[in-house]
Every structure is written in C-alpha cells, then in structure tokens.
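Student: I'd like to learn how to read this fold from its strands, helices and rings. Can we walk through it together?

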Amino acid sequence: MKKALSLLAALSLMASFTACGGDTSETADTQSEASSSSEAATDESSEESTSDGSKIKLNVYAFTDEVPNMIKKFMDTHPDFAAKYEMNDTQIPTTDGLYQPALDQALADGSVDLFAAEAAFVLKYTQGEASKYAAPYEDLGIDVNQKIKDAEIAQYTVDIGTNPDGKVVALGYQATGGAFIYRRSIAKDAFGADDPATVSAAIGGGTQSWDKFYEAAEQLKGKGYGIVSGDGDIWHAVENSSDQGWIVNDKLHIDPKREAFLDLSKQLMDNDYHNDTTDWTDDWYADMAGTGSKGILGFFGPAWLINYTIGKNCGGSAVGEGTYGDWAVCEPPIGFFWGGTWLLGTNDSQNKEAVGEIIEWITLNTEEDGLQYMWANGTFNGEGGTKDAVASNVVMKKSDGTLDFLGGQDMFDAFVPANNYANGKNLTQYDEKINSFWRDQVRMYTSGQKSREDAIADFKQSVLDELDIEAE
C-alpha cells in the first residue's frame, strides 16, 4: 500500500532545519540546529580508523536532539568506544512532514547507521513499506530475546518493534503506558479522599469498562466539575484498547471499540462532563492550570504528559503555585499507551557491532550506568533532573519515582502495571492521518453538525481518498 500523498517529495536537505528536543513532536520544547546534511553522511560510516587518528563516523538520523544526546552520553561514559567512533547526526523535526522523506532518501542511499522513529510512524519502518531497511537486533550482536526477558521490557514496545519475520528490529527507551493523572483537591471534594486507591475505584480502574467512569462524571458534575478536559482525553485509551487496527487485510476497518468513541464522546458533550476543549490548545492547557471554565479532575496519559505538558502548564514550579503538587496518578479504566520513540539499526550499516552496543545501552541495559536507570531516576544530566518512566520494569522497580509534583507519590507504582496493560498489536503505519480524519468527524457529530451515519460515511470516504485501500 502507498499513501496517496504527493507532498514533500521535492524537498531537499539544502534547507536549514531545526529540531525539537523532547519526547514527542508535540511536547518538544528545545531546539537545536541540524548538525549535518544527508550529503555529508556518505561512505564515511564504513571507513576504518586511519593512521592519522581519524575516527569511524556513525551516521544517525533523529527528529529531536534527544537520541543524539543519549549517544553523546554513551560516548562520554565509554571512552574506548569514543576513541574509535564519532557521531555524525542529522536532526530534522517532524514538523510539516520533513523528517520521513529525508530519512527515506538517506536509507535508500545506504547512508544511515542508526535512526529514531516515533509511535506515529514507527510501524512503517518495523513492519511496513520501509521495514526492509531495519536490521534485526540479533544481527547487531545483541542477545535480544534473553535481554528483553531479563529487563522485563514492556511487551507492547516489543510487539511494535517486531518485523513480519518475527525478528525484533526496534525497541524504545521510554515506557508510555498510560495512567489517569488527576487533581487531588477535586478528588477529595468529590470522592471524600484523594489517594490513588480511592480514585481508581471511583473511576473503574482496571475494569476495562467505561461504566464507572461515567458514574464518576455524574458525581463530579454535581460538584461543579468536569471529569476530563475534552473528548481527546479519552481517545488514546479507546484507540489502544481496540482489538484490531484501522486496516485489516488491506481494507479499512472500524473496530467496534473505536466506533463506540462516537457515543462516548457524545455522552461527554450532552451531559456537560467536560470543557469541550481540543488537546494541544490554550483551553486544554488552562484546564491543567485550573483556570478553565470549570475545574477538571484529570487527564489520561503517560509519564511524559506529566513532565512535558501538565507540569509546564500547571501555573507554577513549586508546591503551592498554580496546581503544582495537587496531582496524583492511578490505574485507568482502560489500559493504553501513547507515544514513544524506537531505535533502529540498518542492514546497510558497515558498523553493526558498534550500533548494537549503543542500542543495547539505551534500550536494554538495566545497570545504574545504563541509560534506562539514568532516565528513570533523573540523573542523565546530573542529580535533580526529570524522572521518566522507562521500558524496563526491572529498572523502574528499583528506581525512585517520587515527585513533588505528585504530592510525593512514586509514579512508578502506577506506570509499572500500566506497561502491562498496553496493547501494541492494533496499530498501522497510517494511524496518524486516519486518526485525524476520525476525530474530526466525531467532533462534527457530537457538536450536532452531522448525523452519526454521515460522520462514519464521510470518515470512510476521506480515508479511501487518501490511501490506496478498499472499503471493508
């Protein structure tokens, strides 16, 4: 299958690119200039060190500076490796669709050793039309199956990173399994207590049903609160709990659980259970700061939503400022994941063993000098840094996930089980575009602009016009 998109093919890397630093393109908040162009990333990767002391270049493609910074840390902590190799990194943001065309050209040229792919498009490179470029981790010298078991890597990340031949070709370093992130003060007012067990029970945590959640929404309404900011706040849980993805046997498929989002969204709208915001807008952020039209109990999301979104839009940076410190996390009604970045080596690389050493240190090492432990404990850039959930449950179980932002709660108590609920088998490489069409039509229906039947019909037509697939 091909995307019926003709955009960006003529764009070249002669332009000056900037890259966003952070965990996803939406949450990124730092920028750095691209360190090289694909023209510079040529046959240098296969050159051996010469007598004049030059190093072997490892050509890395990424859409933020996050992975390049990890590789720099690896080299800083592995001087023998750094004496032989150096990184030639190309950073191109996903903004306006720039990253994938540039990466695809470099892969076709055979000028990439290691590259990053985010959840929105990773399946293209692990299981889809560009999967031929991805090298199995075992070909990089990694005892991958044993190390996945030893590290207790979240299964959904393994499923996403497994190619059609059953070989692992990509793993992530973050865990993006989702929890329910809620305001303590609102929970206490509505439910009588703010501890995670009480709130989880109130919203139906772990039930795999929305029934208790909507009962809690009615209870909150009686106190003048909304349960979520907008319908987008439940979408990722709906999407990732479905049994099948948008495309089955090369045909468009609407899983019953995804179709039910029409009704779930309308129930929120008709009963005034939310503030009817759209995610990634000012109104959405206002609800994080407690300045929206009515107080909102919470948001569904992974640890990165706490660190890079709610934390930066809560109206303060210390307990007592804005909503800082008034948050906690608990088990959601429906298990899900949202986002993440996967690392892949290439079949064309002449430096597979070196690439394997880097990837293993980032994605599978569970020791205190490995990336996962540093990331979980906020020590990557020194003490007191941002703590994040990681792919290894072993690492999280031995790490300190307490946050002042969460009133001193250890977030790993919620995010370790969240990893186990997440499902990575219902994605397609076209989800980003199809999800956009679906959510637009759902909003048209819930706002009364279209009937349910017309919204579904128009969604189907939009997808069929965009992609070279058939209707179910």
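**Reading the sheets, helices and rings**

Tutor: Let's start with a strand pair: β6 and strand β12 (residues 341–345) are joined in the antiparallel sense over two bridges. Helices (H or I, at least four residues) and strands (E, at least two) are DSSP runs, numbered from the N terminus, and two strands pair if DSSP finds at least two bridges between them. Before we go on: this is a predicted model, in which local features need pLDDT of at least 70 and side-chain atom pairs count only at pLDDT 80 or more, while totals for chains, interfaces and linings use all residues. Residues are numbered from 1 along each chain as its sequence is written, and side-chain values use heavy atoms, with hydrogens and water left out.

Student: Which residues of β12 are the bridge partners of Leu171 and Gly172?

Tutor: In general, strands of a sheet pair through backbone hydrogen bonds, either parallel or antiparallel. Here Leu171 has Leu343 as its bridge partner in β12, and Gly172 has Trp342.

Student: What is the strand order of the open sheet with five strands?

Tutor: The order is β4-β3-β5-β12-β6, with mixed pairing. At the edges sit β4 (85–91) and β6 (171–172), each pairing on one side only. Helix α3 (residues 99–109) packs on this sheet and touches β3 (56–62) and β5 (114–118), and its direction makes about 145° with that of β3. For angles like that, axes are lines fitted to C-alpha atoms, for helices over the stretch in contact, and angles run from 0 to 180 degrees between N-to-C directions. Contact means heavy atoms within 4.5 Å.

Student: How many bridges pair β5 with β12?

Tutor: Five, again in the antiparallel sense. As one example, Leu114 stands opposite Gly345 in β12.

Student: Which residues of β12 point one way, and which the other?

Tutor: In a regular strand the side chains alternate between the two faces of the sheet. In β12, Thr341, Leu343 and Gly345 point one way, and Trp342 and Leu344 the other. The strand is mostly covered, with five of its five residues buried; buried means under 20% relative accessible area, exposed over 50%, partly exposed in between (1.4 Å probe, protein chains only).

Student: What about the open sheet with three strands: what is its order?

Tutor: That one runs β10-β7-β11, with antiparallel pairing. Its edge strands are β10 and β11, each pairing on one side only, and the twist averages 25° from one strand to the next. Four bridges connect strand β7 (residues 179–183) with β11, where Tyr182 has Ala328 as its bridge partner. Lying across β7, β10 and β11 is α14, at about 125° to β10.

Student: At what angle does α14 pack against α13?

Tutor: Helix α13 (residues 282–289) and helix α14 (residues 303–310) meet at about 100°, their axes 12 Å apart. That makes the two roughly perpendicular (under 35 degrees is roughly parallel, over 145 roughly antiparallel, 65 to 115 roughly perpendicular and the rest oblique). Trp284, Tyr285 and Met288 of α13 make the contact with Leu305, Thr309 and Ile310 of α14. These residues divide into five nonpolar, one polar and no charged, where Ala, Val, Leu, Ile, Met, Phe, Trp, Tyr, Cys and Pro count as nonpolar, Asp, Glu, Lys and Arg as charged, and the others, Gly among them, as polar.

Student: Which residues in α13 are buried, and what covers them?

Tutor: Trp284, Ala286, Asp287 and Met288 are buried in α13. Their cover includes α10 (232–240), β10 (298–301), α14 and β11 (327–330). Just after α13, Gly290 takes a positive phi of about 75°.

Student: Now the rings. How many aromatic pairs does the structure hold?

Tutor: A pair of aromatic rings is described by the distance of the centres and the angle of the planes. The structure holds 33 aromatic pairs; rings of Phe, Tyr and Trp (its six-membered ring) pair if their centres lie within 6.5 Å, and planes under 30 degrees apart count as stacked, over 60 as edge-to-face and the rest as tilted.

Student: Why is the pair of Tyr99 and Phe121 tilted?

Tutor: Their planes are at 45°, so the pair is tilted, with the centres 6.0 Å apart. Tyr99 belongs to helix α3 and Phe121 to the loop between β5 and α4 (122–126), 22 residues apart. Tyr99 is buried at 1% relative accessible area, and Phe121 is buried at 3%.
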